[in-house]
Amino acid sequence: MLNHLRADLAIIRERDPAARGPIEILLCYPGFQAVTLHRLSNLLWNSKLPLKLAARLLSQLGRGLTGIEIHPGARIGKGVFIDHGMGVVIGETAEVGDRC
């Protein structure tokens, strides 16, 4: 998961000239925040323990905080950048590739 987060930070710094550093991205980029929360909810969703409800709750929290809805069952690759993502919905069967 840390490799994914590093790749997500790197792609934002590469593609967004307004990104001034990792702290700004962590605090001010809802696309990064949504993808990060998705990565956590996806771990819960795919856990061998019965944690699908917890995964959905975390997903809904992320939706409320960022305006971006990503189902915990969706597959999101490394280095994904959602810029200006208010209203973006990524469903359970969606697959978003690396560096998208």
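**T36 and the chain around it**

Colleague: Does T36 count as buried or exposed in this model?

Modeller: The model is predicted. Buried means under 20% relative accessible area. T36 has 17% relative accessibility, so the residue counts as buried.

Colleague: Which helix holds T36?

Modeller: The helix in question spans residues 30-45. T36 falls within that span, in helix α3.

Colleague: Which residues is T36 in contact with, leaving aside its neighbours within four places in sequence?

Modeller: Contact here requires heavy atoms within 4.5 Å. With the sequence neighbours within four places set aside, the contacts of T36 are M1 and L5.

Colleague: What pattern does the protein chain follow along the sequence?

Modeller: The chain's secondary structure consists of four helices and four strands. Read along the sequence, they give the pattern α-α-α-α-β-β-β-β.

Colleague: What radius of gyration does the protein chain have, against that of a compact globule?

Modeller: The C-alpha atoms fill a box of roughly 40 × 25 × 20 Å along the principal axes. For 100 residues, a compact globule would have a radius of gyration near 13 Å. The chain agrees with this, at 13 Å.

Colleague: How much of the accessible surface belongs to carbon and sulfur atoms?

Modeller: Buried residues make up 41% of the 100 residues. The accessible surface of the chain comes to about 6,100 Å². The part belonging to carbon and sulfur atoms is 60%.

Colleague: How far apart are the centres of the positive and negative side chains?

Modeller: The chain has 12 positive and 9 negative side chains. The centres of these two sets lie apart by 6 Å.

Technical notes. Residues are numbered from 1 along each chain as its sequence is written. This is a predicted model: local features need pLDDT of at least 70, side-chain atom pairs count only at pLDDT 80 or more; totals for chains, interfaces and linings use all residues. Side-chain values use heavy atoms; hydrogens and water are left out. Helices (H or I, at least four residues) and strands (E, at least two) are DSSP runs, numbered from the N terminus. Buried means under 20% relative accessible area, exposed over 50%, partly exposed in between (1.4 Å probe, protein chains only). The radius of gyration is taken over C-alpha atoms; the globule rule is 2.2 Å times the number of residues to the power 0.38. Accessible areas come from the Shrake-Rupley method with a 1.4 Å probe; for residues, only the protein chains shown count as cover. Lys and Arg count as positive and Asp and Glu as negative; His and the chain ends are not counted. The place of a charge is taken as NZ of Lys, CZ of Arg, CG of Asp or CD of Glu.
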